[in-house]
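Take a look at the model below. Keep the sequence beside it as you read.

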Amino acid sequence: MIIWGSGGDSVDFGVAETHHCETCEKERPYRLVLHYRYWGFYWVFNRVTKKQYAMICDICGRGWEIESSKIEPLLDTAPIPFMRRYGLAILGGIFAIFMVMAALEKH
Ligand SMILES: [Zn+2]
């Protein structure tokens, strides 16, 4: 039986900056948050299907989206677990190796 499915998770990087919040009408600490979704087999072999970074006011929860290309070079750790990013690619690699081995055994 092949099991596949999708899930979502978020990563909180903590307070990154302070900004004037339109809703609070005050200077507020803003958190950098990453929301992402992934899809894959057996909850292990996944790939990321959607990524969205946002700056969120720590008090009222409002904020704005940030393009990942602008923020990712500034982050020093990969925020998404390895197997959620590259698991599906690894599964493809394992499958390719088995195909080659099966092909070699026929000869
Ligand atoms: Zn606010």
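Predicted model: local features only at pLDDT ≥ 70, side-chain atom pairs only at ≥ 80, totals over all residues.

Residues are numbered from 1 along each chain as its sequence is written, and side-chain values use heavy atoms, with hydrogens and water left out.

Start with the secondary structure. The protein has 2 helices and 4 strands. Helices (H or I, at least four residues) and strands (E, at least two) are DSSP runs, numbered from the N terminus. Along the sequence, the pattern reads β-β-β-β-α-α.

Now the overall form. The C-alpha atoms fill a box of roughly 75 × 30 × 15 Å, taken along the principal axes. The radius of gyration of the protein is 20 Å, whereas a compact globule of 107 residues would have one near 13 Å. That radius is taken over C-alpha atoms, and the globule rule is 2.2 Å times the number of residues to the power 0.38.

How much of the protein counts as buried? Of its 107 residues, 22% do. Buried means under 20% relative accessible area, exposed means over 50%, and partly exposed lies in between (1.4 Å probe, protein chains only). The accessible surface comes to about 7700 Å², and 59% of it belongs to carbon and sulfur atoms. These areas come from the Shrake-Rupley method with a 1.4 Å probe; for residues, only the protein chains shown count as cover.

Contacts tell another part of the story. A contact means heavy atoms within 4.5 Å. Take the contacts between residues at least 6 apart in sequence: 51% of them join residues at least 24 apart.

Next comes the metal. Which residues coordinate the zinc ion? They are C21, C24, C57 and C60, each through its SG atom, at 2.2 to 2.4 Å. Donors are N, O and S atoms within 2.8 Å of the metal (3.2 Å for Na, K and Ca); water is not among the atoms, so sites may look incomplete. The angles among the 4 donor atoms run from 101 to 115°, and the site is tetrahedral. Four donors count as tetrahedral if all angles lie between 85 and 135 degrees. Along the chain, the donors follow the spacing C-x2-C-x32-C-x2-C. C24 lies in the loop between β1 (4–21) and β2 (26–41), and C57 lies in strand β3 (residues 45–57), so this pair ties together parts that are 33 residues apart in sequence. Both C24 and C57 are buried.

Stay in the loop between β1 and β2, where E25 also lies. Most residues other than glycine have a negative phi. E25 is not a glycine, yet its phi is positive, about 55°. E25 is exposed, with a relative accessible area of 62%. W43 is a further case: it is not a glycine and has a positive phi of about 60°. W43 sits in the loop between β2 and β3. At 66% relative accessibility, W43 counts as exposed.

Now follow strand β3, where N46 has its place. Is N46 buried or exposed? N46 is buried, at a relative accessible area of 2%. R47 is partly exposed, with a relative accessible area of 43%. R47 and R37 are 10 residues apart along the chain, and their C-alpha atoms are separated by 8.7 Å. Not counting residues up to four places away in sequence, R47 touches R37, Y38, W39, R84, R85 and L88.

T49 is also placed in strand β3. At 47% relative accessibility, T49 counts as partly exposed. T49 and Y36 are 13 residues apart in sequence, and 7.5 Å apart in space, C-alpha to C-alpha. Residues up to four places away in sequence aside, T49 touches R37, Y38 and W39.

Finish with the aromatic rings. The structure holds 5 aromatic pairs. One of them is formed by Y36 and Y38, which is tilted, with 6.1 Å centre to centre and 40° between the planes. Rings of Phe, Tyr and Trp (its six-membered ring) pair if their centres lie within 6.5 Å; planes under 30 degrees apart count as stacked, over 60 as edge-to-face and the rest as tilted. Y36 is buried, and Y38 is buried as well.

Notes:
Tetrahedral: all angles 85-135°; square planar, octahedral: opposite > 155°, others 65-115°.
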